[in-house]
Amino acid sequence: MPEHWIWWSLTVACLVWYSTVTVYVAVRGVIDIKGMLRRLSQPGNGSDD
Amino acid sequence: MSHLGWLDGSIVGLYIVATMVAGIAVRKYVGKVEHFLIAGREMNLYLGIASLAATEFGIVTCMYTAQSGYNNGFAGATPGILAALAMFFVGYTGFCVKPLRDAGVMTIPELFELRLGSRIRWLSGVVIVLGGLLNMGVFLRTGGDFLVTVCGFDQKYLEITMTALLVSVAVYTILGGMLSVLVTDFLQFVVMSVGLLAVTILILANVGWGRLTATVQEHYGAGGFNPFMHPKMGWEYVVANAMLSLAMVLTWQTTIQRLLAAKDTRTGRQVYTRTSFFFLCRWLIPVVWGIAALAVLTPEQVGGNTLLAMPKLLSQIVPVGLMGILVAAMLAADMSTDSSYMLTWSSVIYNDILAPFHKRRWSEKRGLLVSRTIVALIGVFLLFYGLWYPLRGNLWDYLTVTGNIYLSSMSVLLVACCYWKRANSWGAAGAILFGATIPIAFLVMEQVPSTRHFAREIVGPHFSNIATYLFAGAAMVVGSLLKPRAKNVCVERD
C-alpha cells in the first residue's frame, strides 16, 4: 500500500533529522548558553535595586 | 520487582544531580523580573530550539501520542503533521508572531491591552491561566504512571515519585526562573533525544517495520494509515486538530515565551521554522512505540487502560543500561516540561492578572519575590489537582478540550489584534466568553453521569473543539461590529 511508504519515509526522515539536529544543537547550544550568561553578567544587566 | 539495575540507577542519579546543579548555578544571573520571566531576552537560536523541543515533549506527550498510535495506528500521528506545517507556516511568514515580538511585550495579554484595553488584558490572563493549569493538571499523574510502570515500582510509590519530581523541578525554577529553565532544557534536550532515538531503534530492530504495518492493517485497515478513512477520526478530527495546531503555534504560552525570550524577531521566527519538523517527531516516534505495544502485547497484558500499553512494552523489552538512559530521558522530558509550564503560567499571573495591583511600580526585588511565590503556589496546585482529578476518556482529547478554553479565543484575539482595525473590546469579550464556555461545558457534561453519553458519543470532542473556534470567531466579528465606532478608541504604544 502507498500509505506504508509514506509513513516509512516520514519515520526514517524523523530519525535522520532528529539525530542530526541533536548533535548540532548539542554543540551550538553550549556556545549560546555561554554567550547568554556573558551578556547577562555585564554591567547594567543586574537588578536596579 | 523493580526493572532498574544499579547501572540504570546510577545513570538516572547522575542525570538528576547534573540537572539540579546546572539549574541552581544560574540563579546568580537573575537580577530582574525580566530575567526571571524571559531570560532578559538574551536567548539565541540553538538554545531556543533545544528549549522549545524539550518543553514541548514531556512524559505526558509521549503517553498520549503512544496511546494515539495504539488506538489509531499511524493515522494517530496526524496532529504531528498538522503541527509541523503550522509551525513552519507561522515561522516562515511571521504571521502574528512578528507583530507580537516587535511589540516588545512579555505576554500576549500585554499586547491585547494596546488595542483592546486593560480589562481584556486581565480577562485574557485569567482564561490563559485557567486553561493552562487545567491542561497541566494531568501531567504529574500521567508522568508518575509511566515511571512506576516502566521501572516496575509498586503503585503506592506513584504519589511519592510525583511529589519528588515536582519539588526538584520547583526548586530550580523558583531560584533561576527562565534562565534555569533554558539551561536545564538544553541538558534535558540532549538526554531526552539520546533516549528517544535509542529506544526507537531498539523497537524497530526488535519488532520490525513489517510487523508494525501488518498490525495496523489487521486492527484498523486503511483507516490506520489514513485519518480520513478512520471510523473514529474523519474530517472533523483533521479540521479540529488543524485549528488547534495553528492556535497552539500562535498562542500556546510556552511556545510564545520562547519567541518573546529570543534576542530579536528574526531569531524567534527561526526558532519556529527550525523546530517545526520536531513537532512531527514528537508525535511519530511515540506513535511507533504505541503500535509496537499493539503488536507485541496481548489485550490481557494491556488491561483496560491503553494509556499504559507503551510503558508496559518498554518495561519488557528495554535492557539494563538502556533502561537507565530511557528513564533519565523521560525524567528530562518531564522536568523540562513541568518547569517551563510552571514558569509560563506564573508569568501571565504576575504580568497580567496582577497588573492592576503592581502597575509596574513594584521594585525588582518585590517583583521577583512575588513571581517566585506564584511558581511555588502553582506547584502546590498541580500536586493536589493531579492527585484527585479522575481522567475519563482519551488523554489527548482532554488536553485539547482544556487547551481550547483559551487557545480558541486567544488565537482569534491575536489575529484580530494584529490584522483587523475594527476589532475592539466588545468582540474580544464575546470571543473569550464563547471560547471558554463551550470547552468547560463539555468537560462538565463529560463528568456528569446523566450527560456523559451525550457529550462523548453524540457531540464528541472534535465537534466541540470546532464549535469553540467558530463561535469565538463569530463573537469577535459580531461584538466588534455592534460596538459603536465613535467609542472605538485605538490606543497605540509609542
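What is the mean pLDDT of chain B, and what share of its residues reach 70 or more? The mean is 86, and 96% of the residues get there; pLDDT is the predictor's confidence in each residue, from 0 to 100. Residues 488–494 of chain B fall below 50. Where pLDDT is low, the predicted coordinates should not be read in detail.

This is a predicted model, where local features need pLDDT of at least 70, side-chain atom pairs count only at pLDDT 80 or more, and totals for chains, interfaces and linings use all residues. Residues are numbered from 1 along each chain as its sequence is written, while chains are lettered from A and ligands numbered from 1 in the order in which they are written.

| Helix | Residues in chain B | Contact residues (C-beta atoms, placed from the backbone, within 7 Å) |
|---|---|---|
| H4(B) | 59–72 | Met63(B), Tyr64(B), Gln67(B), Ser68(B) |
| H21(B) | 395–419 | Leu395(B), Trp396(B), Leu399(B) |

Their axes (lines fitted to C-alpha atoms over the stretch in contact) sit 8 Å apart, at an angle of about 125 degrees, on a scale from 0 to 180 degrees between N-to-C directions.

H4(B) is mostly covered, with 14 of its 14 residues buried, meaning 20 or more other C-beta atoms within 10 Å of a residue's own, all placed from the backbone. Just after H4(B) comes Gly73(B), with a positive phi of about 75 degrees.

Note on methods:
Helix = DSSP H or I, 4+ residues; strand = E, 2+ residues; numbered from the N terminus. Contact = placed C-beta atoms within 7 Å. Buried ≥ 20, exposed ≤ 12 C-beta atoms within 10 Å, placed from the backbone.
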